[in-house]
Amino acid sequence: MLHADTSIEDDERYPNGTVLLGDVFIEHEGFTLRSKTAVHYKLQNIIRAYGNVVLNQGDTITQTSDYVQYNGKTKKAKSWGKVVLTDPVMTLTTDTLDFDRIKQLLFYKSGATIKDTANVLVSEKGNYFLQTSKFQALSKVVLTNPDYVLESDHLDYYTSNGQAFLYGPSTITGEDNHIYTESGFYDTQKNISHFTKNSVLTYQNRSITADSLYYDRNLAFASATNNIKMLDTLNNAVIRGNYGEFYQKLDSAFVINKAVAITEIEKDSMYVHGDTLLVTGKPENRIIRAYNRVKFFKSNLSGKCDSIHSNQKTGLTQMFRNPVLWSQESQITGDTIHLLSNSETEQLDSLKILRNAFVIQKDSAGYNQIKGRNILGKFFDNDLEDVNVVGNAESIFYVRDDEDNLNGIDKSTCSYINFQLKDKKIKNITYFVNPEGTIYPPSKIPKSDRIFRGFVWRDKERPKKMEDIFIKDDDVIKVKKDEQRTVNSLELINKDSGQK
């Protein structure tokens, strides 16, 4: 007992207690208490202080309240009534606060507000570990920052560096984005974060989910790893992959590692895969690019090329470098292929093959072929049905009767050809401007004359189901070469050993 203006004994009101009045000042092992009034119970070694109570621990912790009870044996203090605790980096206010000096632990169960230089944290329950400057905020936690509001049911927050660790369902709501996660880390001073469970970043018309999600609020930049899904609600499109980077201010993203773009066309999904997918532009004028070993699949259309450019506003998709398109049973190639969709009906509208256009369809006796300078095609109900071959058009067509018997092979040339596709077969071929042609009996035309120059049947490269777009044809060719090399080696071994 360092000081009291007056001390009295009042066994009726305070049995075994000494009442201290006026400027009470008490010290216990580096812990000091000041108040207007206090009662000291010597046997229990307990102090009960009333009125403008001030607690100090060293030079760092100061607390004020209306009432305090302190146990000198257990070194535990309980404060209530307008409790305010401050240290060099934060201020805590609550109605009731417990302090365990041995564990250097403060805890509350009736709500508290913690303020530091950048944030305000509110929760119903919580613990504050003095040695590590860690708040463990529990139940209805709200952390408010000038740029966002963080809500959770379990948040560990370090006042020394502003780092927050999230456990359980949590949300971070900013002016122009929203984050949901069930586990993660947020540095409130540097504005960077890393989320690792069921995390979703939403901004404008996009949402991004991934197993692991990193976000830099200063740069409005996110990177994601494993099981990425970027949903574009305005254009009804989805990008998937296993690594991606997203630039909110630039409205751009790129995705690699089994990347695929999925768009819905008349209730039928189109899957586009490339080594790299790049998405740029505002939602109303978005462009999707795919690079290197591009393949796409739709139930009635598939294709392959080196790179692809798709403008979702105009509906124009361009295929570059050795493109090939499969529609129904037709293989279509050319230097460049353009597909045009109706952006309002979301249906395929038309097709352009620019330079060296070539259409091949397999017949049981050979291959129907039509080639020319360019091709213009028209889709009906997403099926290619009307095709015009324009410029230096020529064809080889296996002519069959109604019972599918082969009558001959038609080989013709003209300025342009129109043909119809029906039930996956070429029907109704019409030749325009100076047509010339001959129908040969199958036995009268050499096999070398049954194909045009530049003929390549690429059916083995054709994606026949969605999963096929991830097959790298380079790997298939390598496997086949290895298999053939093994066969050759075995033949040599058998030959040398005299076996067949």
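Let's start with Lys298, a residue of strand S26, which covers residues 287–298. Keep in mind as you look around that this is a predicted model.

**Lys298 up close**
- Is Lys298 buried or exposed? Its relative accessibility is 1%, and buried means under 20%, so Lys298 counts as buried.
- The side chain of Lys298 also has a partner: it makes a polar contact with the side chain of Asn300, at 2.8 Å.

**An annotated domain**
- An unreviewed UniProt entry annotates residues 2–153 as "domain: Organic solvent tolerance-like N-terminal".
- In the model, this span is 70% strand and 0% helix, and its end C-alpha atoms lie 44 Å apart.

**Aromatic rings in pairs**
- You can find 14 aromatic pairs in the structure.
- One of them is the stacked pair of Tyr416 and Phe432, with 4.7 Å from centre to centre and 10° between the planes.
- Tyr416 belongs to strand S35 (residues 406–422) and Phe432 to strand S36 (residues 425–432), so this pair ties together parts that are 16 residues apart in sequence.
- Tyr416 is partly exposed, at 29% relative accessible area, and Phe432 is also partly exposed, at 31% relative accessibility.
- Elsewhere, ring pairs join Phe31, Tyr70 and Phe99 into a cluster.

**Lysines over rings**
- Lys134 lies over the face of Phe129, 5.0 Å from the ring centre.
- Lys258 lies over the face of Phe470, at 5.0 Å from the centre of that ring.

Methods
Residues are numbered from 1 along each chain as its sequence is written. This is a predicted model: local features need pLDDT of at least 70, side-chain atom pairs count only at pLDDT 80 or more; totals for chains, interfaces and linings use all residues. Side-chain values use heavy atoms; hydrogens and water are left out. Helices (H or I, at least four residues) and strands (E, at least two) are DSSP runs, numbered from the N terminus. Buried means under 20% relative accessible area, exposed over 50%, partly exposed in between (1.4 Å probe, protein chains only). A polar contact is a pair of N or O atoms within 3.5 Å; within protein, one must be able to donate a hydrogen and the other to accept it, and residues adjacent in sequence count only if both atoms are side-chain atoms. UniProt positions are given in the numbering used here, feature names are shortened, and annotations may be inferred rather than shown by experiment. Rings of Phe, Tyr and Trp (its six-membered ring) pair if their centres lie within 6.5 Å; planes under 30 degrees apart count as stacked, over 60 as edge-to-face and the rest as tilted. A charge sits over a ring if NZ of Lys or CZ of Arg is within 6 Å of the ring centre and within 35 degrees of the ring normal.
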